[in-house]
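Here are a few exercises to work through with the model open in your viewer. Try each one yourself before reading the solution.

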Amino acid sequence: MRERAEVIENFKVARNQFLLAVKAPHISKEVSPGQFVMIKINETTDPLLPRPFTISFASGEEVEIIYKVVGKTTSLMSNLKSGNSVILEGPFGKGFEVVSDRCLLVGGGVGVASLRFLSWEVHKRGGVQFLLYGERERENLLPLHYLFPSEIKKKVVLEEEGNLVTDFLISCISEYSPDVIYACGPKEMLKVVSSKFLGKVQLAVEEVMACGRGHCYGCVIKTPGGYVRVCREGPVFWREEIDWI
Amino acid sequence: MEGRNRLDLTVSIGSLKLKTPLIIASGVFSLDSEEKLESNCLGAAVTKTVTWNEKKGNPPPRICETYSGLLNSIGLQNPGVSNFLAQVNTFKKDFPLVGSVGGESIEEYARVAEKLSEFKFIALEVNISCPNVKEGGVAFGKDPKTAKKVVKEVRKVTSLPLWVKLTPIGDVVRVAEAVSEGGADALVVANTHPALRVDVKEKKPFLGGGYGGLSGPAIKPLNLRLLRLVKENVDIPVIGCGGVFTGEDALEYLICGASAVQIGTAFLVDSRSPVRIFNGIKEYLQSERANSIQEIIDTVRF
């Protein structure tokens with residue numbers, strides 16, 4: 001589904017990070033946690049390609065994404081005002097599979113935003129969850145109390161204080177004994193999460209994309225069976241599906 | 001189509017008739033994408049290039065953006081000809097398909113072409129211009145002798161119309177003449193331009209494969225010139241390819257003598273781009289008071 005979506009609001013939620021809410025009734029109705037949309041903010045050829053963003057939340061006719069300003073598209077996006085519009089296509093990809101009601105969410109950087117919709121879904125089912133969230137500096141921290149269900153337990157880890165999110169993985173697992181871990185963040189973090197937990201692990205991965213629609217085979221990730229498309233076979237994979245090099 | 005002003009958008013590429021001059025280029029359309037194409041405005045779609053055996057493709061990242069351009073190094077990832085044909089069999093199409101032939105040796109090109117000929121493709125496109133593979137691809141396509149040999153061998157095993165997709169590097173006109181003598185029915189001008197982008201922080205190429213192929217609006221004027229040069233020097237039909245994003249882009253190629261145009265990068269950017277391009281062409285024909293697209297093909301004046 002391709003729709004021109006009106007911007008409802010677009011505001012800063014942390015240093016360099018924004019929340020964009022748009023009116024996209026079709027996508028909002030179809031999307032499930034972990035799926036993404038392709039966003040093109042204008043009809044020009046520079047930037048040329050649409051960019052993929054995980055849906056961070058969807059309700060009624062609205063969908064939200066949380067993004068970090070890293071390049072031309074996201075920089076232009078940060079200037080969007082309510083009443084402007086963007087072109088949205090999606091939802092695409094295979095999202096999270098909610099397999100248990102006892103889960104640990106592990107988010108690194110803005111990747112934590114990709115776990116938000118899932119968290120609300122688990123919350124709705126009455127599941128028990130724990131959120132482990134790592135950032136570099138305090139100023140980068142997203143307002144978890146505003147974004148996630150207030151009832152869930154949270155642990156925030158700051159690199160500037162000398163800790164990595166993965167340092168707390170073992171203690172969280174033993175304290176909480178989850179059936180499943182859902183993770184999104186930098187590749188190095190995902191690798192560690194994959195290796196330290198013996199239970200079920202689902203990982204939301206990122207790769208540079210061109211079409212997002214399964215055509216170009218540009219966004220592949222290595223699996224035991226060869227390269228597969230992040231946009232179609234992913235972006236959420238079971239740990240066993242990924243062949244970390 | 002409006003009332004008395006019925007526009008004839010059909011084109012001929014040699015003996016082959018297409019409903020419209022727009023063709024989806026090879027590489028940007030996957031049979032297993034499950035996306036429904038805007039078939040009303042399409043004359044045909046070229047499949048992704050297939051080789052005899054499965055090809056794993058190049059390591060990621062495979063995509064990198066440049067100013068109004070797209071740099072890629074996919075490396076012809078495909079499941080091999082047998083698995084590919086299984087996909088073709090189950091694919092529900094409402095537009096004609098052209099099969100794209102790849103190979104690492106002249107013999108492999110011929111074997112793949114022979115196998116594809118058993119299926120209902122309206123033509124075969126020989127890909128001797130992929131910049132992202134070690135064997136075959138550009139290595140064959142920039143040398144007139146090898147290019148001609150490939151086409152000659154493929155010609156022997158198929159009676160389907162044979163298109164040859166040329167590389168924009170090297171002496172394009174000489175290669176065009178050579179493959180025309182080798183038995184090509186039409187030429188596609190042209191594939192991506194071998195290119196590079198470097199990450200200055202890492203001091204490494206952005207792409208996992210190192211070099212890549214550049215496509216998109218950035219290369220349109222380059223390929224348009226090549227198409228015109230080939231048109232002036234070779235008798236068989238030419239098909240434009242490179243940076244077609246709007247009706248005007250397509251018209252430039254048609255006016256320069258292209259019998260049809262291919263849409264690649266624009267289709268990746270926007271699934272509805274063929275509709276936009278199609279409408280652009282129709283509007284132009286109406287404003288020119290032309291009844292058919294044939295009236296504007298090869299009308300450029302220097």
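**Exercise 1.** Which residues form one aromatic cluster with A:Phe18?

Solution. Keep in mind that this is a predicted model.
- Step 1: look around A:Phe18, and you'll find A:Phe53 and A:Tyr67 in one aromatic cluster with it.
- Step 2: take the pair A:Phe18 and A:Tyr67. Their ring centres are 5.6 Å apart and the planes sit at 15°; planes under 30 degrees apart count as stacked, so this pair is stacked.
- Step 3: A:Phe18 belongs to strand S2 (residues 17–23) of chain A and A:Tyr67 to strand S6 (residues 62–68) of chain A, so the pair links parts that are 49 residues apart in sequence.
- Step 4: check the accessibility. Buried means under 20% relative accessible area, so A:Phe18 at 13% is buried, and so is A:Tyr67 at 1%.

**Exercise 2.** Work out the geometry of the pair B:Phe29 and B:Phe95, and say where each ring sits.

Solution. 
- Step 1: the centres are 5.9 Å apart, with 65° between the planes. Over 60 degrees counts as edge-to-face, so that's what we call this pair.
- Step 2: B:Phe29 is in the loop between strand S3 (22–24) and strand S4 (44–50) of chain B, while B:Phe95 is in the loop between helix H1 (81–90) and strand S7 (97–101) of chain B, so the pair ties together parts that are 66 residues apart in sequence.
- Step 3: with the same cut-off of under 20%, B:Phe29 is buried at 1%, and B:Phe95 is buried at 5%.

**Exercise 3.** Describe how helix H7 and helix H9 of chain B pack.

Solution. 
- Step 1: for two packed helices, you need the angle between their axes and the distance between the axes.
- Step 2: the axes of H7 (residues 247–255) and H9 (residues 273–287) of chain B come within 7 Å and cross at roughly 65°. The crossing of H7(B) and H9(B) is right-handed.
- Step 3: list the contact. H7(B) brings B:Gly247, B:Ala250, B:Leu251, B:Leu254 and B:Ile255, and H9(B) brings B:Ile277, B:Gly280, B:Ile281 and B:Tyr284.
- Step 4: sort those residues, and you get seven nonpolar, two polar and no charged.

How values were computed. Residues are numbered from 1 along each chain as its sequence is written. Chains are lettered from A and ligands numbered from 1 in the order in which they are written. This is a predicted model: local features need pLDDT of at least 70, side-chain atom pairs count only at pLDDT 80 or more; totals for chains, interfaces and linings use all residues. Side-chain values use heavy atoms; hydrogens and water are left out. Axes are lines fitted to C-alpha atoms, for helices over the stretch in contact, and angles run from 0 to 180 degrees between N-to-C directions. Helices (H or I, at least four residues) and strands (E, at least two) are DSSP runs, numbered from the N terminus. A crossing is left-handed if the near helix is turned anticlockwise from the far one by less than a right angle, and right-handed if clockwise. Contact means heavy atoms within 4.5 Å. Ala, Val, Leu, Ile, Met, Phe, Trp, Tyr, Cys and Pro count as nonpolar, Asp, Glu, Lys and Arg as charged, and the others, Gly among them, as polar. Rings of Phe, Tyr and Trp (its six-membered ring) pair if their centres lie within 6.5 Å; planes under 30 degrees apart count as stacked, over 60 as edge-to-face and the rest as tilted. Buried means under 20% relative accessible area, exposed over 50%, partly exposed in between (1.4 Å probe, protein chains only).
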